[in-house]
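Biologist: I'm new to this one. Please walk me through it.

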Amino acid sequence: MKIFINPGHMPGVDSGAVNPVSGLRECDVAKKVGELVEYYLQSAGCSTMLLQSNNLCGEEPKDFNICASANAWQADLFVSLHCNSFNTYARGIETLVFDLSSKAARLAGCIQRQLVSTAQNIDSTVIDRGLKQRTDLAVLKYTDMPAVLVEMGFIDNDFDVVLLENNQDDIARAIARGVTDYMRGDK
Ligand SMILES: [Zn+2]
């Protein structure tokens, strides 16, 4: 199985969301979790390609093109990693797919289940926001393989940020377990 891992945003170019108190940046959380997901998936026997880039699908030609790279590599699955932000009160975990009745949705369900379970074992108040359909996101729209975008928590929320800061290894293990659940055909 070839798993393409895309940590969202790009240090030095696009921080993504930033915690207003600690300054924790989405791009750094995504990069660290992505590297750990890669480690755990390789340990499980998967081939991986990890790419964090400012170029989602051709709009920044000087950077590596995420969708084109995943398609050219012929990845079996595509996982993009992000943190949410809204009004500092909203919180929880959600996983986005282009089409809720697709293989991607089954993959999203496997990842969401593992990640919510792990997060709630650490903080029982973590919210399961479920799966959401998003037809406007380039990495979901222009990838040829089942693709999901995991929103690992709200980085601007006082509670979610604690997990995003302190439990990156737990988060990565859970996401990798979700991928291997999907590969085994678990519901
Ligand atoms: Zn993001």
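Modeller: A term to begin with: Ala, Val, Leu, Ile, Met, Phe, Trp, Tyr, Cys and Pro count as nonpolar, Asp, Glu, Lys and Arg as charged, and the others, Gly among them, as polar. This is a predicted model, in which local features need pLDDT of at least 70 and side-chain atom pairs pLDDT 80 or more, while totals for chains, interfaces and linings use all residues. Residues are numbered from 1 along each chain as its sequence is written, and side-chain values use heavy atoms, without hydrogens and water.

Biologist: How does the lining of the largest pocket divide by class?

Modeller: Seven of its residues are nonpolar, seven are polar and three are charged. A pocket here is an open set of points on a 1 Å grid over the protein atoms alone, with protein on both sides within 12 Å along at least five of seven lines, and lining residues have an atom within 4 Å of a point.

Biologist: Which residues lie nearest the centre of the largest pocket?

Modeller: H9, L56, H82, L137 and L149, out of 17 lining residues. Strand β3, helix α4 (138-141) and strand β6 (147-154) each give the lining at least two residues. Helices (H or I, at least four residues) and strands (E, at least two) are DSSP runs numbered from the N terminus. The space in the largest pocket is about 250 Å³, counted as the space filled by probe spheres set on grid points joined across faces, edges and corners.

Biologist: Now the metal. What coordinates the zinc ion?

Modeller: Three residues do: H9 through NE2, E26 through OE and H82 through ND1, at 2.0 to 2.1 Å. Donors are N, O and S atoms within 2.8 Å of the metal (3.2 Å for Na, K and Ca), and sites may look incomplete as water is not among the atoms. H9 is also one of the residues nearest the centre of the largest pocket.

Biologist: How are the zinc donors spaced in sequence?

Modeller: The pattern is H-x16-E-x55-H. H9 sits in the loop between β1 (2-7) and α1 (26-43), and E26 is in helix α1, so this pair, 17 residues apart, links distant parts of the chain.

Biologist: Is E26 buried or exposed?

Modeller: Buried, at 3% relative accessibility, whereas H9 is partly exposed at 22%. Buried means under 20% relative accessible area, exposed over 50%, and partly exposed in between (1.4 Å probe, protein chains only).

Biologist: Changing topic: how many salt bridges are there?

Modeller: Eleven, a salt bridge being a side-chain nitrogen of Lys or Arg within 4 Å of a carboxyl oxygen of Asp or Glu. One of them joins D160 and R91 at 2.9 Å, N to O. D160 lies in helix α5 (residues 160-166) and R91 in the loop between β3 (77-84) and β4 (93-97), so the pair ties together parts that are 69 residues apart in sequence. Both D160 and R91 are buried.

Biologist: What about the salt bridge of D63 and K62?

Modeller: Their side chains meet at 3.8 Å, N to O. K62 is exposed at 66%, while D63 is buried at 17%. E60 joins K62 and D63 in a network of salt bridges.

Biologist: Last topic: which residues line the largest cavity?

Modeller: Among them are G92, I93, M152, F159 and D160. A cavity is a set of points where a 1.4 Å probe fits but cannot get out. The largest share of the lining, three residues, comes from α5. The space inside is about 60 Å³.
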